[in-house]
Amino acid sequence: MATAVAPRPSSGETLQERSKGKDVRISNIVAAKNAGEPGALFLGSVNSLEERGMRESALEAVAAAVRTSLGPRGMDKLMQLPSGEVLISNDGATILSKLNVLHPAAKMLVECSKSQDVEAGDGTTSVVVLAGALLDACGGLLGRGVHPAMIASGFYKAAEKCTQLLKAAAMPVDMDDREALVNAVRTCLSSKVVSQNSDLLAPLAVDSVLGILGPNPSEAANVDLRDIRMVEQLGGTVDDTELVAGLVFDKGSTKTAGGPSQVENAKIALIQFCLSAPKTDMDNNVVVSDYAAMDRILRDERKYILNLCKKIKKSGANVVLIQKSILRDAYNELSLHFLAKMGILVVTDVERTDVEFVCRTLGCTPVPHVDSLAPEKLGSADHVGDVVLPGSGHKVVKFVGVANPGQTSTVLLRGSNELVLAEANRSVHDAQCVVRSLVKQRHLIAGGGAAETEASLRLRELALETTGMDSHCFKAYADALEVIPYTLAENAGLKPIEIVTELRKAHAEGDKGAGIDVKKGCISDMYAKNVIQPLLVTTSAIKLATETVCMILKVDDLVVVA
């Protein structure tokens with residue numbers, strides 16, 4: 001009796017089935033690596049022409065837009081958004097957030113940059129460049145037959161060792177040492193579009209954060225940057241930017257003829273009710289055919305609004321902030337006329353999202369109904385008035401000498417055009433994030449590629465003492481860390497191989513602060529040059545880049561769900 005034997009698959013099918021996971025893994029590595037490393041060739045096998053097209057269309061643009069922006073001599077990017085808006089920036093997180101990335105592995109790299117922006121606020125370009133170098137190292141290890149799980153395990157251990165090595169090399173900082181904080185912020189601003197204004201913006205960013213830490217900044221464990229309000233005003237230059245010890249509204253006061261524009265010893269009321277005639281709950285029309293009836297309606301409306309204004313005056317308020325209303329007019333010309341006659345300064349159209357910040361700054365309580373308006377709900381300020389900004393003639397309202405029980409601060413940003421103003425806003429925010437990083441982890445480390453070179457050298461020494469696959473992973477990780485000083489030298493127009501070799505030699509001789517001086521084109525002591533940065537920025541970039549790379553490395557199949 002014959003026995004049916006299943007046909008044996010051909011050797012080609014078996015090889016294809018075995019190499020599927022490798023093909024997908026190599027494809028993901030190449031795609032994500034090109035998001036952080038421009039000009040890299042598309043090596044490795046590809047499963048489909050569609051995937052190749054996705055990489056070539058999106059990831060080459062992502063690659064070119066990130067790495068060349070690293071460092072103080074990095075290039076700025078001019079981006080035209082789908083809405084027609086034009087954006088100029090060299091911030092990694094800003095650039096990647098505006099790009100339409102299609103490949104899933106590259107999207108993970110974009111999310112990695114966003115995570116760095118949330119955690120440290122700086123180093124968003126470095127984390128992408130480092131992740132690209134680590135993915136390149138993964139490709140080399142995979143080509144030598146190392147299992148992906150062993151690579152991921154080795155990289156996690158290497159990242160932990162780097163964190164320990166960098167913390168040992170870092171120097172502690174005291175939050176009362178304002179000069180050290182300013183130097184760290186100045187290093188962050190050196191790579192921004194507004195780097196020429198760092199002498200003004202660096203102390204401003206430090207003082208704005210220290211102002212919300214309270215009387216004992218050394219005891220603070222974290223800081224909420226939402227307590228700092230950024231007010232943008234077109235006109236003038238970035239040098240006209242100032243830190244206001246109080247509150248600023250981006251428009252002048254609303255007044256009619258005879259209304260006050262300056263108030264001393266102000267008592268401030270924030271009202272959420274409308275100073276206009278009431279409306280019914282549903283739409284209707286009132287047809288008036290008699291002039292006497294029309295006069296009676298206007299007289300009652302005038303009486304109603306006058307009664308509201310008298311109650312405001314009775315409470316003792318001489319400055320009124322009116323919240324913006326969407327149901328009906330928050331005010332009308334009649335109410336402004338009555339308030340002007342009573343000597344009350346009026347600021348209209350206060351956004352609902354700004355109410356909490358205004359109340360914390362002025363010490364007032366929002367009043368939803370006129371009957372609940374009382375003196376104890378009023379805020380106070382030494383002076384409130386319109387200020388004409390130089391260079392534009394635009395008016396803003398300044399509140400000076402406020403109680404500020406909520407410990408807030410306001411930065412009034414100036415710029416000659418919208419592009420400079422937006423970039424100045426992002427740069428000041430990154431500078432404030434640097435101070436926040438020092439509040440969270442109070443250690444400073446040398447910049448200019450010194451930290452990465454020190455970690456790379458010590459990790460390479462540790463690889464010689466380690467056995468097994470971890471030794472190969474440590475060496476590959478150490479080689480990948482040198483991409484930061486290499487890119488800094490490359491973007492500065494220096495000879496990267498010579499610079500990195502000299503840098504490695506200086507660290508081998510025990511100079512932990514040796515870094516790249518891009519201005520002189522040589523190796524210098526970064527501590528002596530005051531080129532320092534928070535330890536949290538570097539360690540966070542290493543951890544996030546390692547986690548992202550290991551996650552991509554463990555993917556062996558790409559499933560598209562329709």
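User: How is a pair of aromatic rings described, and how many aromatic pairs does the rule give here?

Analyst: A pair of aromatic rings is described by the distance of the centres and the angle of the planes. Rings of Phe, Tyr and Trp (its six-membered ring) pair if their centres lie within 6.5 Å, and planes under 30 degrees apart count as stacked, over 60 as edge-to-face and the rest as tilted. By this rule the count comes to two aromatic pairs. In one of them, the ring centres of F155 and Y477 are 5.3 Å apart with the planes at 75 degrees, so this pair is edge-to-face. F155 belongs to helix 6 and Y477 to helix 14 (residues 469-481), 322 residues apart, where helices are DSSP runs of H or I with at least four residues, strands are runs of E with at least two, and both are numbered from the N terminus. The model is a predicted one, in which local features need pLDDT of at least 70 and side-chain atom pairs count only at pLDDT 80 or more, while totals for chains, interfaces and linings use all residues. Residues are numbered from 1 along each chain as its sequence is written, and side-chain values use heavy atoms, with hydrogens and water left out.

User: Are F155 and Y477 buried or exposed?

Analyst: Both are buried, a word that stands for under 20% relative accessible area, with exposed meaning over 50% and partly exposed in between (1.4 Å probe, protein chains only). F249 and F399 form an aromatic pair that is also edge-to-face, at 5.6 Å centre to centre and 70 degrees between the planes. Because F249 lies in strand 6 (residues 246-249) and F399 in strand 11 (residues 395-402), this pair ties together parts 150 residues apart in sequence.

User: And how should I read the charged pairs; how many salt bridges does a search of the whole structure find?

Analyst: Side chains of opposite charge can pair when their charged atoms come close. With a salt bridge taken as a side-chain nitrogen of Lys or Arg within 4 Å of a carboxyl oxygen of Asp or Glu, the search finds 24. Among them is the one between E490 and R67, whose closest N and O atoms are 3.6 Å apart. Since E490 lies in helix 15 (residues 483-491) and R67 in the loop between helix 2 (49-64) and strand 1 (77-80), the pair ties together parts 423 residues apart in sequence. E490 is partly exposed, at 39% relative accessible area, whereas R67 is buried, at 10%.
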